[in-house]
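Here's a quick tour of one model, from a pocket to a core to the charged pairs. Have your viewer open and follow along.

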Amino acid sequence: MELFSNPILLSLQKGLDAGALRQRVIANNIANVNTPNYKKSTVAFESLLKKALGHGSIALNKTDPRHFGVTALLDELQPEVNLNETTSMRTDGNNVDINEEMTNLAANWIQCQAVGRELSEHFSILSYVITGGKG
């Protein structure tokens, strides 16, 4: 297993990328809260991550780089931006609920902080191992 491409590290990196995208999408929704006929967007990532990690299926050990496995699926994993055209909050066709967006913004910030902390801890452990505990 390569040091910087294990499934945990790749999942954390992809999680931070998804959080940054989600932040931009939420900011765009908030910026257009008063734009007539604007339809909000959302970011789908967690369900795609579960699928890429193989939850609900039999886990396979990857003992050779040529084997298909979780790492290959994680490498290809990209968050999806979905446009919600089915709802409407106001008579002008806009479907942005500012309270929901502010809640999503706070939840996304908390999630990014948690993922960033885990990523930092992962690298701290690697640093500890590399330096032999002398750091």
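Predicted model: local features only at pLDDT ≥ 70, side-chain atom pairs only at ≥ 80, totals over all residues.

What follows covers the ground rules, a pocket, a core and the salt bridges.

## Ground rules

Residues are numbered from 1 along each chain as its sequence is written, and side-chain values use heavy atoms, with hydrogens and water left out.

## The second largest pocket

The second largest pocket comes in at about 180 Å³. Here a pocket is an open set of points on a 1 Å grid over the protein atoms alone, where a 1.4 Å probe fits, with protein on both sides within 12 Å along at least five of seven lines; lining residues have an atom within 4 Å of a point. Grid points are joined across faces, edges and corners, and the volume is the space filled by probe spheres set on them.

Its lining has 13 residues, with Arg22, Ile26, Val43, Asn104 and Asn108 nearest the centre. Two or more lining residues come from each of α1 (7-31), β1 (41-44) and α4 (98-131), and α4 gives the largest share, 6 residues. Helices (H or I, at least four residues) and strands (E, at least two) are DSSP runs, numbered from the N terminus.

## The largest nonpolar core

Leu10, Ala18, Phe45, Leu49, Ala52, Leu74 and Leu77 form the largest nonpolar core. That term means buried Ala, Val, Leu, Ile, Met, Phe, Trp, Tyr and Cys residues joined through side-chain atoms within 4.5 Å. Buried is under 20% relative accessible area, exposed over 50%, and partly exposed in between (1.4 Å probe, protein chains only).

Leucine 77 touches Lys14, Phe45, Leu48 and Leu49, leaving aside neighbours within four places in sequence; contact means heavy atoms within 4.5 Å.

## Salt bridges

The structure holds 3 salt bridges, each a side-chain nitrogen of Lys or Arg within 4 Å of a carboxyl oxygen of Asp or Glu. Arginine 22 pairs with glutamate 46 (3.1 Å, N to O). Arginine 22 sits in helix α1 and glutamate 46 in helix α2, so the pair ties together parts 24 residues apart in sequence. At 13% relative accessibility arginine 22 is buried, while glutamate 46 is partly exposed at 30%.

Lysine 40 bridges to glutamate 100, with the closest N and O atoms 2.9 Å apart. Lysine 40 is buried at 8%, and glutamate 100 is partly exposed at 34%.
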